[in-house]
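I opened the model to look up aromatic contacts and nonpolar surface. My notes follow.

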Amino acid sequence: MACRGACCCSSAGRLNADNARFLLLAVLIVLYMLCGAAVFSAIELPTEREAKERWEERLENFTRRHNLSRAELQHFLREYEEANVAGIRVDDIRPRWDFTGAFYFVGTVVSTIGFGMTTPATVGGKIFLIFYGLIGCAGTILFFNLFLERLITVIAYVMKSCHERQLRRKGVLPHNGRRGSGSSEVDSLAGWKPSVYYVMLILCVASLIISCCASAMYTPIEGWSYFDSLYFCFVAFSTIGFGDLVSSQNVRYESQGLYRFGNFVFILMGVCCIYSLFNVISIVIKQSINWILKKLACKCCHRCQRRLFHSRRNVVMPGNVRSRRNISIETDGVNESDTDGRRLSGEMISMKDFLASNKVSLAIMQKQLSETANGYPRQMSSNPKQNGFSGGVGALAIMNNRLAETSVDR
């Protein structure tokens, strides 16, 4: 009964921490959106008003010059807007629904980019898109997670090899790889994990290199400026997909087949790298939120202890009187973190400690990368109720772990 009660308390504490983390993240996202809306409104609103004034002036001059009523001209422009949705443009562009155009469309669907320049116009196409996108998007997200696992594993292997070379140059690790006087260093190297910040830096550099190379290809072929090409790369690779700039839409290109193949490769590599980078950044954001919650918990605990001390300063408690040391230990046991075990009731957490704790924390991702980098096989869980839910990376791993916990509780 005592063990069951302790488990219930730990589960309740973990649930409260998860709820607090969720609420804090929701508040931060709302504040982030409000700040972004204010900035974009201040930057883009004057340009929008100027464009609207110029359009009204041109429309008035056109109706006066050609002796047309404003209502007739607006009706004609609405018809053109409908044709524009169907893929009709003033300039000649590639067909939208031939096989290559349809393949480009389904690529934007399953990758969740969704540029919007091509959309189904028939009822049958819209119904098919719902079911096709449901399965295709789920499969592509799974592919991105598996790609992320392998990418992080390769990065960990390379970083571990570089770390071993540094130790051998310093003479800490023997060159023949056998255990000698430096056996403790070999043991510590077996559990070595790369820093999440190094992985984030490598992914940032890789994404930047891919974007710069792709922009160098788009600039002369599409006729965009280099900055517009970089802008398109971020919008496409991050699957935002506004659709204001879309590659490979003209009827003819020089070396058309080679260009379309390069466009496909760059978009695929860019989406995979940016998706991986987003997952790693999400880990850093989560650690930052944990650090903020710990700081708030420290302040709250200090205030509660001061109030308790002042209220019980002249009070004699009946029965066994516990010392102040025992109260502190008990409070530490309640407020102990599952990640680093630091005391929150009598100790502040500095930014230095926060950064040092992340040195060995790649969270869920490093479960696979450390074992693969060290050449150790994954250990199967001895729990017969696991039901195969464990494993994965990023959001997929979080969901799998939650399912595994649910299945074990049952």
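I checked Phe105 first. Phe105 is buried, at 11% relative accessible area. Buried means under 20%, exposed over 50%, and partly exposed in between (1.4 Å probe, protein chains only). Phe105 pairs edge-to-face with Trp97, at 5.1 Å centre to centre and 65° between the planes. I counted rings of Phe, Tyr and Trp (its six-membered ring) as a pair if their centres lie within 6.5 Å; planes under 30 degrees apart are stacked, over 60 edge-to-face, the rest tilted. Trp97 is partly exposed, at 45% relative accessibility.

The model is predicted: local features need pLDDT of at least 70, side-chain atom pairs need 80 or more, and totals for chains, interfaces and linings use all residues. Numbering runs from 1 along each chain as its sequence is written, and side-chain values use heavy atoms, without hydrogens and water.

I then looked up the aromatic total. The structure holds 10 aromatic pairs.

Val27, Leu28, Val30, Leu31, Leu34, Ile292 and Leu296 make a nonpolar patch of about 580 Å². Helix H1 (2-65) and helix H8 (256-311) each give two or more residues to this patch. H1 has the largest share, five residues. Nonpolar patch members (Val, Leu, Ile, Met, Phe, Trp, Tyr) have over 30% relative accessible area and no salt bridge, and their side chains are joined within 5 Å. A salt bridge is a side-chain nitrogen of Lys or Arg within 4 Å of a carboxyl oxygen of Asp or Glu.

Last, I looked at Leu28. Leu28 lies in helix H1. Leu28 is partly exposed, at 35% relative accessible area.

Definitions and conventions
Patch = residues over 30% accessible without salt bridge, like charges linked within 9 Å, V, L, I, M, F, W, Y side chains within 5 Å. Areas by Shrake-Rupley, 256 points an atom, 1.4 Å probe, with all protein chains shown as cover. Helix = DSSP H or I, 4+ residues; strand = E, 2+ residues; numbered from the N terminus.
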